[in-house]
Structures are given as C-alpha cells and as structure tokens.
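Here's a quick briefing on the model below, sorted by topic. Have the viewer open as you read.

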Amino acid sequence: MPDTTLRVCALYPDLMNIYADRGNLLLLERRCAWRGIGFTVTAAGLGDSIDPDAHDLFYLGGGQDRDQRLCAHDLVETKRDALHAAAARGALVLGVCGGFQLLGHSYQLGDEEIPGAGLVDLRTVRDEGGDRLIGNVAIEVDLEGDGRTRLLAGFENHGGRTRLGAGEEPLGRVVRGHGNDGRSGFEGVRRDGVIGTYLHGPLLPKNAWFADWLIATALGLDDLVPLDDTLEAAAHAAARRAAGV
Ligand code: GLN
C-alpha cells in the first residue's frame, strides 16, 4: 500500500457526468498512480449518505437540468451537512458546470427553484429567453493569491447565468468566452477549498497543472514528482488555441 492516498468521493457519477467529465477523475487517478500515490474513488448516488472525514476531494460534475433537479433535492436532504463539515475541515470540493451551480443557494428554472448545497454564496438563473452560453473559454486564475496567474482552458455550455454574492470571489477572470453570466467577466467561484467552474473539456485533462494543484492541495504536499507532460501540454495548447489565446 502506498503511504499517501488521494481519497475522492464522486457525487452522482451516473447522473452528473455530461461531456465525459468522468475523464477528470481518470486523470487524477493516473497522475497519482504514476507517482506512486494511492487513489480511491467512492461513488455516492441518490440516497447515499457521505462521510465528511473519509475523503480528501469531493467531485460533482455537470448534468442536464432534469438530472440536476433529481440530484439537487437529494444533495440537500442527504449530503449537504456532510459537505459543509468536509469543507470546514479543509477538504476540497470541486463542482463543474451543473455541479458548480449546485454548490450555491439555488438554480431558478422559470417558476421552479432548485435548491443547492449552499457552500458558497451564489445563485443561478436559467434565462429562458436567452441563448445558451456555449464555446471555448479561457480564464486567468491566481490560485495562490500572489499575482502569478495561469490559464485554465476548456469549453462551456450552460443555460444558467450565475451571479456571485457580494463577498464571494470568482475562480478566475474571463480571457475568452462567456464565464458565469456573459457579462461580469467572472468565471467560477473559489472559497478556500470549495471551487466551482463552468469549464468542461473535460477540465483536468486539458489543464493537468490544475489537476496537480488539486492533488497537492488535497494531500497537503508542497511538491509533486514531475511527470513527462508532453501529451498534457499538447492538450492544453490545443485548448488554448481553440479559445484563441
Ligand atoms: N443544466 C445546467 C445549465 O444548462 C448545467 C449544464 C451543464 O452541466 N453543462 O445551465
């Protein structure tokens, strides 16, 4: 058994995995394995409770409105308190697209308000009249808060427009694409270890450096053994080119 193991909890992997977001988990697994770091993934579906202390990273992918609705009510009833406890003790929570929307207070679909986990102060409204926000996207992020920015590149496709509460920080600033609402220039959300983003792609295979940041942060490691990232660098470069940056 390896000394160190990244323990991931995949929330609703069958329902919330649009755009092959499962590739995000595969990439984490491979990058851990190549370094001799153990990796476990525990699926938590409808009705399953979760142990806030048993995982280093909770992952919630994107989904169609219909599946998102199903998961939202279950999330609030069976998992919300545990997720709050996990975030409070420093576990990472990563939500992509529909998963990002579910980290907030609500997702308004016409007259219907779909609840969220309330881990961060944000609300999403589905603009029935407006276009979906679709396309390649690049955002500038400063994960350490020291002014050294890096780029995340990916693809977005969402009908929801997300507005952050006054005290909430975005994950990054839009360089190309629409971002949270097509207007604010904000993309995603970051409150300590709780991170949400609209970037699919999947996100991590296109941004291996971010996967490594997640692994290191989740495990409290200062450095990770470098890998031969020729293919990952090519994937990142292709995503940037697609976004025009
Ligand atoms: N259902 C959400 C929306 O359209 C999220 C879609 C997604 O995860 N791609 O806004």
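Asp74 sits in helix H2. Keep in mind that this is a predicted model. Asp74 counts as buried because its relative accessible area is 9%, and the cut-off for buried is under 20%. Setting aside residues within four places in sequence, Asp74 is in contact with Tyr12, Gly45, Leu46, Gly47 and Lys79.

**The ligand site**

- There are 16 residues around the ligand, and the ones that come nearest are Asp65, Cys97, Gln101, Arg132 and Gly160.
- By class, the shell splits into 3 nonpolar, 11 polar and 2 charged residues.
- On the backbone side, an N or O atom of Gly63 lies 3.0 Å from a ligand oxygen.
- The side chain of Tyr107 has an N or O atom 3.3 Å from an oxygen atom of the ligand.
- For His200, a side-chain N or O atom is 3.2 Å from a nitrogen atom of the ligand.
- How much of the ligand does the protein bury? On its own the ligand exposes 300 Å², and 98% of that is buried by the protein.
- Helix H2 (65-88), helix H3 (98-103) and strand S9 (150-158) are the elements that give two or more residues to the shell.

**Arg126, next to some of those residues in the contact list**

- Arg126 belongs to strand S7, which covers residues 122-126.
- Its side chain makes a polar contact with the side chain of Tyr107, at 3.3 Å.
- Tyr107 also has that side-chain N or O atom 3.3 Å from a ligand oxygen.
- Leaving out residues up to four places away in sequence, Arg126 touches Asp65, Tyr107, Gln108, Leu109, Arg132, Gly159 and Gly160.

**Ile50 in its loop**

- Look for Ile50 in the loop between strand S2 (38-44) and strand S3 (57-60).
- Is Ile50 buried or exposed? Ile50 is buried, because its relative accessible area is 10% and buried means under 20%.
- Not counting residues up to four places away in sequence, Ile50 touches Cys9, Leu11, Ala44, Phe58, Thr78, Lys79, Ala82 and Leu83.
- Leu83 is 33 residues from Ile50 along the chain, yet their C-alpha atoms are separated by 8.0 Å.

**Helix H1**

- H1 runs over residues 22-33, and its 12 residues should span 16 Å at 1.5 Å a residue.
- The end C-alpha atoms of H1 are 17 Å apart, so the span agrees with that expectation.
- Buried residues in H1 are Gly23, Asn24, Leu25, Leu27, Leu28, Arg31 and Cys32.

**Helix H5 and its end**

- H5 has 12 residues (208-219) and reaches 17 Å from first C-alpha to last, close to the 16 Å expected at 1.5 Å a residue.
- This helix is mostly covered, with 11 of its 12 residues buried.
- Among the buried residues of H5 are Trp209, Phe210, Asp212, Trp213 and Ile215.
- Leu219 is part of H5, and Leu219 counts as buried because its relative accessibility is 19%, with the cut-off at under 20%.
- Ala208 and Leu219 are 11 residues apart along the chain, and 17 Å separates their C-alpha atoms.
- Beyond four places in sequence, Leu219 touches Thr4, Thr5, Leu6, Ile37 and Asp56.
- Just after H5, Gly220 takes a positive phi of about 70°.

Definitions and conventions: Residues are numbered from 1 along each chain as its sequence is written. This is a predicted model: local features need pLDDT of at least 70, side-chain atom pairs count only at pLDDT 80 or more; totals for chains, interfaces and linings use all residues. Side-chain values use heavy atoms; hydrogens and water are left out. A residue is near a molecule or strand if one of its heavy atoms lies within 4 Å of it. A polar contact is a pair of N or O atoms within 3.5 Å; within protein, one must be able to donate a hydrogen and the other to accept it, and residues adjacent in sequence count only if both atoms are side-chain atoms. Accessible areas come from the Shrake-Rupley method with a 1.4 Å probe; for residues, only the protein chains shown count as cover. Helices (H or I, at least four residues) and strands (E, at least two) are DSSP runs, numbered from the N terminus. Ala, Val, Leu, Ile, Met, Phe, Trp, Tyr, Cys and Pro count as nonpolar, Asp, Glu, Lys and Arg as charged, and the others, Gly among them, as polar. Buried means under 20% relative accessible area, exposed over 50%, partly exposed in between (1.4 Å probe, protein chains only). Contact means heavy atoms within 4.5 Å. The expected span of a helix is 1.5 Å times one less than its number of residues.
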